[in-house]
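Please consult the sequence and the structure shown here while reading.

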Amino acid sequence: MTLTLQDIAMITGLPIDGKPLCMSTDSDGWREQMFALIGMVPPEPREPEVEGDKKERVAAGATFTWIVSNFSNCPEDANEDTVKTYARVYMWYVISRSMFADGTGKNAPWMWLKALTVFDSKWSWGSATLAYLYRQLDEACCRLSGGIGGCLLALSIWSWERLPVGRPKKVKFEDWDEKHDPLRRPTWAYKWDVLNEMTDDPSVMYKLYRSEMDAITPEQVN
């Protein structure tokens, strides 16, 4: 039992049809390519500190703070090309923080901006999101330290719907406002829009959830 493409489509609304999001992850010359695409690049980092023969790896991309400070507000008199640039950076920011989040929560990788070079590329974003989440879960099981990445919103909602462990209490559920658009429908995630905030000690709850997971029977799984 695991998260499926159908779950991704129902929870996130992302398309699961379309072309596979397959491209080179080579980052050579990424600064020049980024400048050509959005007209700006992050400043060159300071020379990393050397410990023995190892150097700190510099990520190809931009920090979220850099994106916010430079692309928060599109000028009111912007032409069409400028509006497209701001839209492209906004989408880059959103997918890097939600669909393809890494364990650090600091950087937007260059490769996701590169995927947005053409707006109507018809990528299967749902398939890519699920594949990336699988990889992050696998790496998180093998890492000794560091966080977990991927679309944790989808994973959380899937878990709350399927498993009776760590399920938060719904505070209220308001009727969906379609804003007079019959095609505007809520996703599965809307059921969990307003929740009761948990204030328990995470380390204590982790041990409790782990014990409950070990004790689950097939009859308790939805």
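In this predicted model, 69% of the contacts between residues at least 6 apart in sequence join residues at least 24 apart. The secondary structure consists of eight helices and six strands, arranged along the sequence as α-α-β-β-β-α-α-β-α-α-α-β-β-α. Along the principal axes, the C-alpha atoms occupy a box of roughly 60 × 55 × 35 Å. Of the 222 residues in the chain, 30% are buried. The chain carries 25 positive and 32 negative charges, whose mean positions are 2 Å apart.

Nine aromatic pairs are found in the whole structure. The ring planes of Phe64 and Tyr93 meet at 80°, with centres 5.3 Å apart, so this pair is edge-to-face. Phe64 belongs to helix H3 (residues 64-71) and Tyr93 to helix H4 (residues 80-97), and the two are 29 residues apart. Phe71 and Tyr86 also form an edge-to-face pair, with 5.3 Å between centres and 65° between planes. Because Phe71 lies in helix H3 and Tyr86 in helix H4, this pair ties together parts 15 residues apart in sequence.

Three of these residues are buried, at under 20% relative accessible area:

| Residue | Relative accessible area |
|---|---|
| Phe64 | 6% |
| Phe71 | 10% |
| Tyr86 | 18% |

Elsewhere, Phe100, Trp112, Trp125 and Tyr132 form one aromatic cluster. Charged groups also sit over rings: the charged end of Arg88 is 4.4 Å from the ring centre of Phe119, and that of Lys170 is 4.3 Å from the ring centre of Trp192.

Notes: Residues numbered from 1 in each chain as written. Predicted model: local features only at pLDDT ≥ 70, side-chain atom pairs only at ≥ 80, totals over all residues. Heavy atoms only, no water. Helix = DSSP H or I, 4+ residues; strand = E, 2+ residues; numbered from the N terminus. Buried < 20%, exposed > 50% of the residue type's maximum accessible area, 1.4 Å probe, protein only. Contact = heavy atoms within 4.5 Å. Lys, Arg positive; Asp, Glu negative; His and termini not counted. Charge placed at Lys NZ, Arg CZ, Asp CG, Glu CD. Phe/Tyr/Trp six-rings, centres within 6.5 Å; stacked < 30°, edge-to-face > 60°. Lys NZ or Arg CZ within 6 Å of the ring centre and 35° of its normal.
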